[in-house]
Amino acid sequence: MTLKHIVALAIYLIDVTLCLVSIRRKDSKVYALTKPLLMPLLCVVYLVFLPVALRSQNHQLFIVLALMFHTLGDVMLLFPRSKTMKYFYAGMAAFFLGHILYALWFVRAEVGHSIWGAIVMLIVCIIMQYLLYRQLMAGPRKYAPKLVPYSSGLALFAVSITSTLGNGSPVYATLICMLGISLFCFSDYCILRRTVRMPLFGQMVVMSTYIAAESLIVLGILLLQIF
């Protein structure tokens, strides 16, 4: 690992640390400064660690754009929801587009693909979507029509990851990505529960699992290409 690898990784980890510490200390100013930098810095880490020969491939743009849309989502979610939900839904739309772009990378990348893994994950996602819909529709909470379409983006993302399980792709790399998308789903589930006034965990759990999810997905993507 060269100096530029160490510097890029160190700057990202410093920002992650400051962001999480700001949550614990309830420092909204530091949080507002550090959160929007998370995904751009992770994008820099990805490009620095990506071999030069692979950077010119067109599908690498999907990763960059996915992280930029997730950055936009992070910014939108900084706005308070007490007066209006428009920023929340705008952030949700940005994350949805980021998920689709991530999924396009897994479909287009020159790695092994297996239809059977994708089919199994699709069945699992359909069941989870149904259960989520039932929960969000419980009682007077009629949020499902707006929130379930977003979760379909996560489902497509998960299916695309699982499609790389087998046919020559490093299994451990796909499993790392699958762990990442699982944490992403958990983090988003906590946010959805909070939105419908059924909170599960606080912001520290939401952000730490979200950061871990993005980091693991990017790590898995790198490993899929390097080994």
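This is a short tour of the structure above, stop by stop, with something to select at each one.

Before you start, note that this is a predicted model, in which local features need pLDDT of at least 70 and side-chain atom pairs count only at pLDDT 80 or more, while totals for chains, interfaces and linings use all residues. Residues are numbered from 1 along each chain as its sequence is written, and side-chain values use heavy atoms, with hydrogens and water left out.

**Stop 1: the nonpolar core**

Select Tyr46, Tyr102, Trp105, Phe106, Phe184, Met207 and Ile221. Within the largest nonpolar core, which has 59 residues, these touch the most other members. A nonpolar core here is a set of buried Ala, Val, Leu, Ile, Met, Phe, Trp, Tyr and Cys residues joined through side-chain atoms within 4.5 Å. Buried means under 20% relative accessible area, exposed means over 50%, and partly exposed lies in between (1.4 Å probe, protein chains only).

Now colour the helices that give two or more residues to this core: H1 (3-25), H3 (38-49), H5 (60-76), H6 (86-108), H7 (115-136), H8 (144-162), H9 (171-195) and H10 (203-226). Which helix gives the most? H10 does, with 11 residues. Helices (H or I, at least four residues) and strands (E, at least two) are DSSP runs, numbered from the N terminus.

**Stop 2: along H10**

Stay on H10 and pick Val218, which sits in this helix. Is valine 218 buried or exposed? Its relative accessibility is 3%, so valine 218 counts as buried. Show its surroundings: leaving aside neighbours within four places in sequence, Val218 is in contact (heavy atoms within 4.5 Å) with Leu42, Tyr46 and Tyr102.

Next, centre on Ile221. With neighbours within four places in sequence again left aside, Ile221 is in contact with Tyr46, Ile63, Tyr102, Trp105, Phe106 and Cys177.

Then go to Ser208, also found in helix H10. Serine 208 has 28% relative accessibility and so counts as partly exposed.

**Stop 3**

Two packed helices are described by the angle between their axes and the distance between the axes. Axes are lines fitted to C-alpha atoms, for helices over the stretch in contact, and angles run from 0 to 180 degrees between N-to-C directions.

Show H9 with H10 first. Their axes come within 7 Å and cross at roughly 155°, which means that H9 is roughly antiparallel to H10. Angles under 35 degrees count as roughly parallel, over 145 as roughly antiparallel, 65 to 115 as roughly perpendicular and the rest as oblique. The crossing of H9 and H10 is left-handed, meaning that the near helix is turned anticlockwise from the far one by less than a right angle (clockwise would be right-handed). In this contact there are 22 nonpolar, six polar and two charged residues. Here Ala, Val, Leu, Ile, Met, Phe, Trp, Tyr, Cys and Pro count as nonpolar, Asp, Glu, Lys and Arg as charged, and the others, Gly among them, as polar.

Switch to H5 and H6, which pack at about 165° with their axes 8 Å apart. H5 and H6 are therefore roughly antiparallel, and their crossing is left-handed. The residues of this contact are 17 nonpolar, six polar and two charged.

Keep H6 and bring back H9. These two pack at an angle of about 165°, with axes 14 Å apart, and H6 passes H9 in a left-handed crossing. Select Phe88, Phe95, His99 and Phe106 of H6, then Cys177, Phe184, Asp188, Ile191 and Thr195 of H9, to see the residues that make the contact.

**Stop 4**

Click on Met121 in helix H7. Methionine 121 counts as buried, at 17% relative accessibility. Not counting residues up to four places away in sequence, Met121 touches Ala158, Val159, Thr162 and Met178.

Finish at Lys26, in the loop between H1 and H2. Lysine 26 is exposed, with a relative accessible area of 76%. What is the phi of lysine 26? Lysine 26 has a positive phi of about 60°, although it is not a glycine. For context, most residues other than glycine have a negative phi.
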